[in-house]
Amino acid sequence: MTAAKLRVSMSWLHSWGGLIAGWIGFAIFLTGTIAVFDDEITRWSSPELSVEGPARKRQIVEAMAALDARSPAYWFAALPSTREPAMRLIWEDEEGKIERAHLDPATGRLFTPRDTGGGAFFTEFHYTLHSGDVGLWIVAAISVAMLVAITSGIIVHRRIFKDFFTFRPRAANRQRSWLDLHNAIGVVCLPFIVMIIYTGLTIKAPTYLPVPEGPRSIDTKTPFAQSPLAAARPQSISALYESAQHVLGKDKVAFVTVSEGGGETRFVASRVVNDRLTLDTDTATFDRVTGALLGTKTVDRPAYQTQRVMAGMHFGHFGGTAVRWLYFVLGLLGSGLIATGLVIFSIKRPSPWRDAISVTAVAGLVLASIAYIASARALPVAIAGRPEVEVGIFLAVLCLSFLHAVCRPVVAAWREQAAFGGVAAAAIVLAWVASGGASTGDRALVAMTAVLALLSIFLIWFAMAFPRLVERTPSRNRAARQAT
Amino acid sequence: MVRPKHRYAEMVGRIILAVPGGYVITLLASRAAAQVLPLDGREAAIAASLAAWPVFVCLVIWCFAARTVWGASAPLLLAAPVLLLAGP
């Protein structure tokens with residue numbers, strides 16, 4: 001097999017495999033990129049979550065003690081953090097019904113925020129496409145297809161490093177300019193996209209590659225180290241919380257769960273995951289009554305830890321805000337890589353149906369995401385099943401985008417949808433400012449609104465420039481060359 | 001190129017070899033690796049599941065890079081019996 005023949009077959013694989021992978025891959029990449037800021041989007045869409053002041057330790061302990069008095073058999077508390085400043089509480093009422101509320105850790109006020117899927121929808125969508133187990137398998141198949149498209153793309157562009165420094169925005173051949181852009185983006189974000197796709201596949205690997213039950217199957221149960229200590233005396237919640245901090249580290253408790261089972265009540269404290277690469281949740285378990293430390297979960301088996309580090313790299317909780325922004329920008333570049341690839345395919349082999357799908361896969365997803373974010377904040381609070389309505393709006397916009405793309409010529413479909421998205425994003429920014437969104441003083445929310453404003457500018461520029469960017473024969477260049 | 005109909009059939013064959021075929025080989029390989037890796041049982045299963053994905057990608061690439069469909073099917077035909085014997 002000659003190298004030239006290999007490149008021909010890989011070129012075919014890159015074009016067609018990339019087309020199919022890109023249609024769904026863009027949705028995965030874009031929603032995954034947005035999900036980097038899932039908590040911030042939830043805060044943006046529910047202004048009541050922006051609590052008044054810094055958390056007070058006394059309020060946190062008092063809240064947990066009150067929960068314990070109310071519902072000794074089961075309760076859960078998510079302690080306040082930078083990204084979730086309000087405490088999340090879950091408990092069981094007298095009839096065994098699960099109740100939920102938020103608590104302002106500065107004042108101790110209990111409240112219920114508006115019912116919204118918030119940013120969590122994007123997290124869920126990017127690995128299940130909002131279709132449960134079926135979606136999980138589709139996303140895995142598309143992930144492998146994207147890795148195949150990347151590998152074949154590298155084989156095709158053998159002069160990849162040289163190509164990186166080649167950009168001919170005014171090339172006579174428009175396809176050449178798009179290819180240069182596609183190559184440059186590809187080289188910049190290659191390590192990131194390979195990492196993010198691979199680590200994404202490893203998170204649910206036992207589902208995708210099941211090993212039969214037996215001594216050599218994957219252990220999904222919690223490895224638990226017993227550490228029997230002498231039973232102490234009856235403990236207050238405050239003392240248990242102190243003991244948990246002693247085991248897991250000061251201010252390192254993220255969640256507390258109290259539950260009854262097997263004749264004893266357990267107090268389980270889970271450690272934060274945002275200060276290290278591994279996404280392994282260490283826990284410390286105490287006997288609720290005696291305060292004895294029943295056991296801790298800290299695992300150092302190499303393969304297990306490797307898998308947890310892969311998950312940690314995928315989630316990107318380890319490096320704070322800076323790493324989140326890095327992931328966000330690289331994720332956008334990855335989405336851009338897919339979008340430019342789809343445009344190149346359209347220029348090379350126009351076809352009304354394929355082009356309509358590409359428009360929906362890219363512009364439709366952007367529009368649907370904008371519509372979702374707007375509805376999460378602006379839908380009336382009293383609507384029943386509000387999160388389902390938000391998702392319904394997302395899917396409806398996607399369908400409308402496809403209908404529009406089918407009815408309009410491809411260039412018009414691209415620019416009209418981009419223009420509509422640009423205007424919608426601008427309207428959201430204005431409505432947010434007008435409704436006093438900036439008054440909470442939450443800098444992350446201002447940053448998010450600024451991103452929406454930039455998106456609006458980009459989309460409007462794109463709508464205006466797109467016909468020029470894809471015109472088949474740029475007459476000016478050719479005429480200029482012929483004149484000389 | 002000359003015989004488009006023949007080419008279609010060939011491409012369908014390669015896609016079937018690559019996607020379901022590649023998945024089956026990857027699954028069998030990861031199960032076999034979980035048995036034979038010199039690690040604690042559960043560790044071996046996790047290690048195998050981490051190593052499986054590059055194998056899948058390489059198999060798909062091979063199915064399209066091979067000059068003939070017979071060449072593309074070689075890993076499936078050769079590896080499957082071995083992996084079935086080694087596997088659980």
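## Basis and burial

A residue is called buried if its relative accessible area is under 20%, exposed if over 50%, and partly exposed in between, using a 1.4 Å probe and the protein chains only. By this criterion, 42% of the 88 residues of chain B count as buried. In chain A, which has 484 residues, buried residues make up 49%.

The model is predicted, so local features need pLDDT of at least 70 and side-chain atom pairs count only at pLDDT 80 or more, whereas totals for chains, interfaces and linings use all residues. Residues are numbered from 1 along each chain as its sequence is written, chains are lettered from A and ligands numbered from 1 in the order in which they are written, and side-chain values use heavy atoms, with hydrogens and water left out.

## The two chains

Helices (H or I, at least four residues) and strands (E, at least two) are DSSP runs, numbered from the N terminus. Chain A contains 16 helices and nine strands. The C-alpha trace of chain A spans about 95 × 60 × 35 Å along its principal axes.

Chain B has three helices and zero strands, and its elements follow the order α-α-α from the N terminus on. The radius of gyration, taken over C-alpha atoms, can be set against the globule rule, which is 2.2 Å times the number of residues to the power 0.38. For chain B the radius of gyration is 15 Å, well over the 12 Å that the rule gives for 88 residues, so the chain is more spread out than a compact globule. The C-alpha trace of chain B spans about 55 × 20 × 15 Å along its principal axes.

Within chain B, I15(B) belongs to helix α1 and is partly exposed, at a relative accessible area of 39%. I15(B) and W53(B) are 38 residues apart along the chain, and their C-alpha atoms are separated by 18 Å.

## The cavity in chain B

On a 1 Å grid over the protein atoms alone, a cavity is a set of points where a 1.4 Å probe fits but cannot get out, and lining residues have an atom within 4 Å of a point. Grid points are joined across faces, edges and corners, and a volume is the space filled by probe spheres set on the points. The count comes to one cavity of 30 Å³ or more. The largest cavity has a volume of about 50 Å³.

The residues lining the largest cavity include L17(B), I25(B), L59(B), C63(B) and P75(B). Helices α1 (4-36), α2 (41-65) and α3 (69-86) of chain B each supply at least two residues of this lining, and the largest share, four residues, comes from α1(B). For the classes, Ala, Val, Leu, Ile, Met, Phe, Trp, Tyr, Cys and Pro count as nonpolar, Asp, Glu, Lys and Arg as charged, and the others, Gly among them, as polar. The lining has seven nonpolar, two polar and no charged residues.

Rings of Phe, Tyr and Trp (its six-membered ring) pair if their centres lie within 6.5 Å; planes under 30 degrees apart count as stacked, over 60 as edge-to-face and the rest as tilted. Over all chains the count comes to 27 aromatic pairs. One of them is the edge-to-face pair of W137(A) and Y208(A), at 5.5 Å centre to centre with 75° between the planes. Because W137(A) lies in helix α5 (residues 132-156) and Y208(A) in helix α8 (residues 205-208) of chain A, the pair ties together parts that are 71 residues apart in sequence. W137(A) is partly exposed, at 39% relative accessible area, whereas Y208(A) is buried, at 5%.

The rings of W414(A) and F466(A) have centres 5.7 Å apart and planes at 45°, so this pair is tilted. The pair links helix α14 (residues 410-434), which holds W414(A), with helix α15 (residues 443-470), which holds F466(A), 52 residues apart. Both W414(A) and F466(A) are buried. Ring pairs also join W178(A), W414(A), F458(A), W461(A), F462(A) and F466(A) into a cluster.

## Backbone details in chain A

L129(A) has a positive phi near 55° in a residue other than glycine, and it is found in the loop between α4 (120-128) and α5 of chain A. L129(A) counts as buried, at 17% relative accessibility. H130(A), in the loop between α4 and α5 of chain A, has a positive phi of about 55° although it is not a glycine. H130(A) counts as partly exposed, at 37% relative accessibility.

Methods:
On a 1 Å grid over the protein atoms alone, a cavity is a set of points where a 1.4 Å probe fits but cannot get out, and a pocket is an open set with protein on both sides within 12 Å along at least five of seven lines; lining residues have an atom within 4 Å of a point.
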